[in-house]
Amino acid sequence: MAALRVLTVNPGSSSLKISLLDHDDAVLAEDSGAGHEMADLAAGMPKPDAIGVRFVHGGTDYTEPVPIDAAVTERLRDLADLAPLHQPASLHALAEITGALPGVPAVACFDTAFHATLPEAAATYALPAEWRERYGLRRYGFHGLSFSYAVRRTGELLGVPPSSLRMVVCHLGSGASLCAVAEGRSIDTTMGFTPLEGLVMASRAGSIDPGIPLWLIKHGLSARDVNSALESESGLRGLTGTGDMREIRALAEQRDITALAALDVYHHRLRACAAAMTASLGGLDALVFTGGVGEHDAAVRMRLAGDLAHLGVGVDPDRNAAADGDTDLTHAGADVRTLVITAREDLEIANGVRRCYDHYKQY
């Protein structure tokens with residue numbers, strides 16, 4: 001693979017992380033900040049050979065990393081309404097970084113790309129064919145860069161090829177989704193056409209009866225207001241007033257009834273979706289936690305492990321409580337290996353940039 005020094009740009013809906021990695025993936029520099037500080041952040045780092053920018057949505061157009069030009073940028077702009085919290089932030093970050101580093105080639109790396117392997121049965125919504133064809137309505141899935149890295153890293157830690165494992169990977173953070181991985185490939189996932197589907201998240205409702213927004217619009221709410229509420233005012237925030245799991249956990253420890261009820265709702269959906277992912281796989285060899293909540297909330301991991309005990313999951317309480325970084329949490333005698341993997345989307349972005357370079361040979 002090409003030996004490149006890669007600057008990875010990972011925009012969130014309200015945050016930005018950049019890392020400069022050498023050809024061996026050692027971190028030469030890293031920083032974070034809002035998009036308007038991009039030029040200042042880049043100015044303090046050595047010049048990279050290439051830039052990799054994370055994009056949440058690539059639609060059906062982009063299932064691999066792709067060099068960014070004017071046509072690609074325009075298509076990514078067209079996809080913005082499918083990921084309104086993230087795609088505009090990535091486009092803004094792209095403009096900022098290419099302006100700060102003129103002449104340095106940039107590559108788009110996509111969260112949806114990992115899920116291009118979804119079988120049709122998992123990707124297809126039971127909607128009219130005309131809608132599916134005209135509007136591209138299908139399950140796309142997200143968090144793919146995180147899932148892809150977690151799958152590779154799990155294989156390394158367990159000393160087996162990832163292709164030999166049936167995994168449920170839990171990316172639990174402000175946004176959250178699960179992925180069923182067989183033979184190293186995504187075969188099912190909880191997010192769908194947009195990142196709104198699936199688990200209860202910090203501010204997103206997750207899966208709800210589709211009749212609810214229709215009913216609300218019929219009774220006077222605008223589509224804009226309903227969309228805003230589903231994206232930003234629902235989930236844990238809608239249940240408790242805050243989307244911060246740390247705050248909810250602290251309240252729950254004080255036996256706050258609202259916080260305890262919200263955790264019950266959160267775990268009810270998490271348990272059901274994890275079991276569904278396992279059913280898609282026909283069994284489970286490894287349960288993997290990543291993302292801010294997945295990595296740092298021992299109580300979430302322990303509760304889900306207990307909920308899945310009938311599937312052979314068992315977590316060692318002491319290892320779980322002390323976990324810091326990549327850790328094997330498996331209880332002695334458990335049939336399923338349970339691990340925590342530190343999210344390293346920067347490594348997956350850099351890997352994608354180098355694969356793109358090898359493919360196109362144009363930089």
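**A guided tour of the predicted model**

Begin by selecting Leu127, Trp131 and Tyr135, which make a nonpolar surface patch of about 320 Å². Such patches are made of residues with over 30% relative accessible area and no salt bridge, with like charges joined within 9 Å and nonpolar side chains (Val, Leu, Ile, Met, Phe, Trp, Tyr) within 5 Å. A salt bridge is a side-chain nitrogen of Lys or Arg within 4 Å of a carboxyl oxygen of Asp or Glu. Accessible areas come from the Shrake-Rupley method with a 1.4 Å probe, and for residues only the protein chains shown count as cover. Tyr135 lies in helix 5 (residues 129-135); helices (H or I, at least four residues) and strands (E, at least two) are DSSP runs, numbered from the N terminus.

The model is a predicted one, in which local features need pLDDT of at least 70 and side-chain atom pairs count only at pLDDT 80 or more, while totals for chains, interfaces and linings use all residues. Residues are numbered from 1 along each chain as its sequence is written, and side-chain values use heavy atoms, with hydrogens and water left out.

Next, display the open sheet of 6 strands, whose order is 3-2-1-4-6-5 with mixed pairing. Strand 3 (27-32) and strand 5 (66-67) stand at its edges with a single partner strand each, so one side of each is left without a neighbour in the sheet. Two strands pair if DSSP finds at least two bridges between them.

Select strand 4 (residues 50-55): 6 of its 6 residues are buried, so this strand is largely enclosed by the rest of the structure. Buried means under 20% relative accessible area and exposed over 50%, with partly exposed in between (1.4 Å probe, protein chains only). On one side of strand 4 are Ala50, Gly52 and Arg54, and on the other Ile51, Val53 and Phe55, all of them buried.

Strand 1 (residues 6-11) pairs with strand 4 in the parallel sense over 4 bridges. Here Val6 has Ala50 as its bridge partner, and Leu7 has Ile51.

Strand 6 (residues 106-110) also pairs with strand 4 in the parallel sense, over 5 bridges. Ile51 has Ala106 as its bridge partner, and Phe55 stands opposite Phe110. Strand 5 and strand 6 pair in the antiparallel sense over 2 bridges, and Val66 stands opposite Ala108.

Centre the view on Leu172. Leaving aside neighbours within four places in sequence, its contacts (heavy atoms within 4.5 Å) include Leu178, Leu199, Tyr266, Leu270 and Phe289.

**Two loop residues**

Finally, select His143, in the loop between helix 5 and helix 6 (144-158). Its phi is near 60°, a positive value in a residue other than glycine, and His143 is buried, with a relative accessible area of 7%. Arg255 lies in the loop between helix 10 and helix 11. Arg255 has a positive phi of about 65° although it is not a glycine, and at 61% relative accessibility Arg255 counts as exposed.
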